[in-house]
Amino acid sequence: MSRSFLFFSMFLVLVLIGFKSAEFQDDSLILKNELLPVTPTGFYIENVIDDRDDKSAVLWFVSIPRARTAIKKTYDFTGGGFVAIKRFVDYALPKNKTLRPIIIRLKQFKASEMMLDDGRINGDVSAVMSFSLLREDGDTIHLVDYNGKIKYTRSDGPVQDAEPTLRHMLENGLTYLNTWMNKQGPVNINLAKAVKVTFTDHTEKTEGDTIYYSPNRPLTWDDFHGRVPQSRFDAEVFATIGYDEKTTVINGVINLELDIKVCIPKNDCWVKAGMQNDYALNHEQRHFDIARIAAEYFKQRIKAENLPVSNYDGPINVDYLDAYREMDSLQKQYDVETNHGGNHAAQERWNERIDKELKAFGN
């Protein structure tokens, strides 16, 4: 074998190897893992879920040469598009599991490229990521969405040249989440870490048709505006309890202010003519006092709760219903034992019991 033939053969092999290498390079789209220059202080990525409508590829390429015969091709990240993206996300941010767990739903990740007649390639890449908080009960709360678009131009070359732009899109989405969490963490109720409850007792500066309980404002016969029904009793009031709720979030803590209402509508108070005396008025006042005591029981129940941030209203509603039922039961017991005020000895015992409980509550 001559040296010239041997040289030609080696050259041909090198050309073929180079051709195969270039062909492989052109068809390979490898997503590089990269650690982001941010350390989340409020979250970690618990999971990434692929919710894309089209999972077949991440890049769609079209060439339009002068002959106007389009060449179309699709590319996916080596190893699988979603597998590569999930691996990238897992690598990009540290997982501190003492923080809030976030679920990423990848709604869209798509790049489109077109080769022009002059050999330049115009491209655009878009991504939609939906971020949700994973709660302790396994449910998720939607927080925010990221919608990103990037337009770019690159020279003719391997498709791998598009990878930095695609990678940058993923980085933008994660950086957006980090910025949003830093801003919303202290004030967003969905991101709160604890619940703090305070109570106020509702009063009105200008009294209207409803009397709100106050130790300094006992009932008078002038409050009895209701129409007198056919009844064997001489007088009656209808005392009830309720509350208004106000929430603010400060430094990641839900500050829950419950404005407790113990009240009697004046139209629900009635008295028969000639029956207005101090003894009867005291009996009706004690119905009001019992409602106040039930409201204090309601407060005590809530104070004993370890209210979950995900559903603090649930235990509060249960405690309120329990307190309301207890109030109703006490009111009935009071009337039965005092015979609606007719049993003076029993009335005196209830007076002492009610005064003792009110004093214990600071009333």
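Which class does Y176 fall in, buried, partly exposed or exposed, and what is its relative accessible area?

Modeller: Y176 is partly exposed, at a relative accessible area of 33%. The classes are buried under 20%, exposed over 50% and partly exposed in between, for a 1.4 Å probe and protein chains only. This is a predicted model, in which local features need pLDDT of at least 70, side-chain atom pairs count only at pLDDT 80 or more, and totals for chains, interfaces and linings use all residues. Residues are numbered from 1 along each chain as its sequence is written, and side-chain values use heavy atoms, with hydrogens and water left out.

The ring of Y176 belongs to an aromatic pair. A search of the whole structure returns 10 aromatic pairs. In the one formed by Y146 and Y176, the ring centres are 5.4 Å apart and the planes stand at 45°, so the pair is tilted. The partners come from distant parts of the chain, 30 residues apart: Y146 from strand 6 (residues 140–154) and Y176 from helix 3 (residues 163–184). Rings of Phe, Tyr and Trp (its six-membered ring) pair if their centres lie within 6.5 Å, and planes under 30 degrees apart count as stacked, over 60 as edge-to-face and the rest as tilted. Helices (H or I, at least four residues) and strands (E, at least two) are DSSP runs numbered from the N terminus. Y146 has 10% relative accessibility and counts as buried.

Another pair, Y297 with F361, is edge-to-face, with 6.0 Å centre to centre and 75° between the planes. Y297 is in helix 4 (residues 278–303) and F361 in the segment after helix 6 (344–360), so this pair ties together parts 64 residues apart in sequence. Y297 is buried, with a relative accessible area of 17%. Elsewhere, ring pairs join Y243, F298, Y320 and Y324 into a cluster. W60 has a charge over its ring: the charged end of K110 is 4.8 Å from the ring centre. That term requires NZ of Lys or CZ of Arg within 6 Å of the ring centre and within 35 degrees of the ring normal.

Beyond its neighbours within four places in sequence, F109 is in contact (heavy atoms within 4.5 Å) with residues including F77, I85, L166, M169 and L170.

Not counting residues up to four places away, H283 touches Y334, D335, T338, H340, G341 and Q347. H340 lies in the loop between helix 5 and helix 6 and is partly exposed, at 32% relative accessible area. N339 lies in the loop between helix 5 (313–338) and helix 6 and is partly exposed at 49%. Neither is a glycine, yet N339 has a positive phi of about 55°, and H340 has a positive phi of about 55°.

The mean for the protein is 91, and 92% of its residues reach 70 or more. Over residues 1–25 pLDDT stays under 50, and the model has 2 contacts beyond four places in sequence for them.

How values were computed:
pLDDT is the predictor's confidence in each residue, from 0 to 100.
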